[in-house]
2 protein chains.
Amino acid sequence: MESRKTTITDIAKKLNISKSTVSRALSNHASIGLRTRMRVQQLATELDYEPDQTAIHFKQRKKFLIGVILPSISLEFFSSIVSGIEDIAYKKNYTLLLGQSRDDEEREKKIVETMKNHRVDGMLISISKNTTNYEHFELLRKNKIPIVFFDRIPNMNNIHYIASQLESGMKEAVNFLIKKGHKQIALINGPANLPASKERLQGFENAMKKNKIKLPPEMVVSSDLTKEGNISATQQLLHLKRRPDAIIAFNDYVAMDAIQQAKKAKVRINKDICFISFANEAICNYMDHPPMASIEQFPYQQGEKATEILLDLLENSPSESQEQEPHYHNILLPSQLVVRISK
Amino acid sequence: MESRKTTITDIAKKLNISKSTVSRALSNHASIGLRTRMRVQQLATELDYEPDQTAIHFKQRKKFLIGVILPSISLEFFSSIVSGIEDIAYKKNYTLLLGQSRDDEEREKKIVETMKNHRVDGMLISISKNTTNYEHFELLRKNKIPIVFFDRIPNMNNIHYIASQLESGMKEAVNFLIKKGHKQIALINGPANLPASKERLQGFENAMKKNKIKLPPEMVVSSDLTKEGNISATQQLLHLKRRPDAIIAFNDYVAMDAIQQAKKAKVRINKDICFISFANEAICNYMDHPPMASIEQFPYQQGEKATEILLDLLENSPSESQEQEPHYHNILLPSQLVVRISK
DNA sequence: TTATTTCACACAACCGGTTGCTCAGCTCGT
DNA sequence: ACGAGCTGAGCAACCGGTTGTGTGAAATAA
């Protein structure tokens, strides 16, 4: 019948002293005599006493909880980010509340609501690709819950974020292809509303311009990132009069779908058409014909860094209320071309 | 300066009524007059009042929090399970606290400790492959925190668990191979301490016996599931005097490593040696030479079912204390062979 | 009219810790 | 011997809700 957990009051009663004395004794407060301190601590271990974090959190208005919302953890890219987040949070004794939006704006909103009610200390969010309304983020701002966005950033002002600086990687990719003698370079981009898509496109256009290669508009197609979208985008390129001799894909999954389609069309991968992708997922190592190169975006590091920023915000938040203009962290992590096949 | 969240007390003061009245008014308690109820509710919405879940949880000893611990979410198998868990939990307004053990026993213990202190209502755990000591789980039992284990089950008595019933899938696999004319069937198993390994082995031996095919001991090798382990296990089989003409692999990742090695040894995949794996991960669809078939373990459903059991436990836990012998849920979900290549 | 019920709300305890303030008793200096 | 200073510990408020018990006034019944 020793069911209920022992509380600080139990200890106090057994020792005929007051709650507060026990509390202070347990935290080795100097104002408690050594003898009492020892007695309390011994009884505490005997009774397997463990402080109820719920009560502490309630009192201290601090929960050591970070809410993480992202589209899906089944993508290696995101699961790596989560690992990066977890490793930093873990060290500082924070725990992760996880929610997948499944690229559904309504679901994203509900998760935000739930986490807000759970009174998370802060949030790390990568928005759903369908999210166009940002009320729920504004709501968090009103509630003084800091957010650091990662990878998929909303189009808002005055936010903290970290993402990949895709331009550098894209430039490397184009240069790499040109050095190999490719001229008809195409891009399978993502949905236009994603900043990540805009950045890729801009990087692509700039790199082409710098190399003085003309870029016909039909060489840029876009996919909604579903399998069907990827296939149809690929078909568009394959059916072009002047078929591209190189394709840069939005990410590895797009590239894999594209390569599969290309194979069906008897295209020799990385020979007739050379493929380059973003993300550099490990899975590709198991493919017979992976993209020739991929642009590494260092998701693990992105997760780490995002968490560091958030924790920093959390620890310095009291001062923030005094500052008129808080400082917004906007970080772009350089990306980097990784050549998989040197052939 | 409207910084602090509005509380029930704020509302009470502004309306010159008591806290309790406000509380009851908000929950539409019948003993509060309609007029007062309306006034309270209106002011509440005006002030953007939202109850502090922390306080409620504290009072009710219920947090709507489920702790999930698994080796790694970067494996598609586990991330699918998490999705299954989340979808059920989400419907009942539970939130997920996530921790990855990284197959490290110490880390697993620390995560358990943290989650216990967070006073999760219950836990869903898939143990690390290195975990041999179960103290931390016993500790949870003492704390009346119910656990449902999934997929990787500890070797303990009186626990709730759900896992794949591998024997049926294994039998299908062996029969499938035999029907195709294979006789030298080998198994690359996982570490011996995992029940999942024992089950695979047993299923394999039984199926072979039933088909009256002799099984020389060297046809069963085991890997620690690292890439190196997979490679070395594969090498053992390839160097056998009587090389197997079919290999059943512990899971898709093992199979992919094995296939890669086999290719290097100029083996024609699914021709010289036919591969079958467990898990049926989607990634394999992108391979040129995936295993010919794979045993689907329905991870999403496993996650769903595990969560249903846990939630059921949570809702009926009060009665449990009266029962002398609680009922332990031990569920084995049938697995099923999925043929990828009908060739 | 008086007794009784009903209504509408207030009071206060409680959940399990933390913490500012108070205070008794002892030591020590003068 | 007396006040100052220090030590060790207790009291009570607090965090933000929920809930059992009381209570005065109005409504109804006798």
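Residues are numbered from 1 along each chain as its sequence is written, and chains are lettered from A and ligands numbered from 1 in the order in which they are written. In this predicted model, local features need pLDDT of at least 70 and side-chain atom pairs count only at pLDDT 80 or more, while totals for chains, interfaces and linings use all residues.

Q: How many residues does the contact take from chain A and from chain B?
A: Two residues are in contact if their C-beta atoms, placed from the backbone, lie within 7 Å. Here 34 residues come from chain A and 34 residues from chain B. Helix 5 of chain A gives the most to its side, with six residues; helices (H or I, at least four residues) and strands (E, at least two) are DSSP runs, numbered from the N terminus.

Q: In which sense do strand 2 of chain A and strand 2 of chain B pair?
A: Strands pair if DSSP finds at least two bridges between them. These two pair in the antiparallel sense over three bridges, and Leu96(A) stands opposite Leu98(B).

Q: How are the two copies related?
A: Two copies of a chain are related by a rotation about an axis and a shift along it. Chain A can be laid on chain B with an RMSD of 0.1 Å by a turn of 180° and a shift of 0.1 Å along the axis (least squares on the C-alpha atoms of residues with pLDDT of at least 70 in both). The copies are thus related as by a two-fold rotation axis. Of the interface residues of chain A, 94% are also interface residues in chain B, so the copies meet through the same surface.

Q: Which residues come nearest to DNA strand D?
A: A residue is near a strand if its C-beta atom, placed from the backbone, lies within 6 Å of it. Of the 24 residues around DNA strand D, the nearest are Ser20(A), Thr21(A), Gly33(A), Ile8(B) and Ser20(B).
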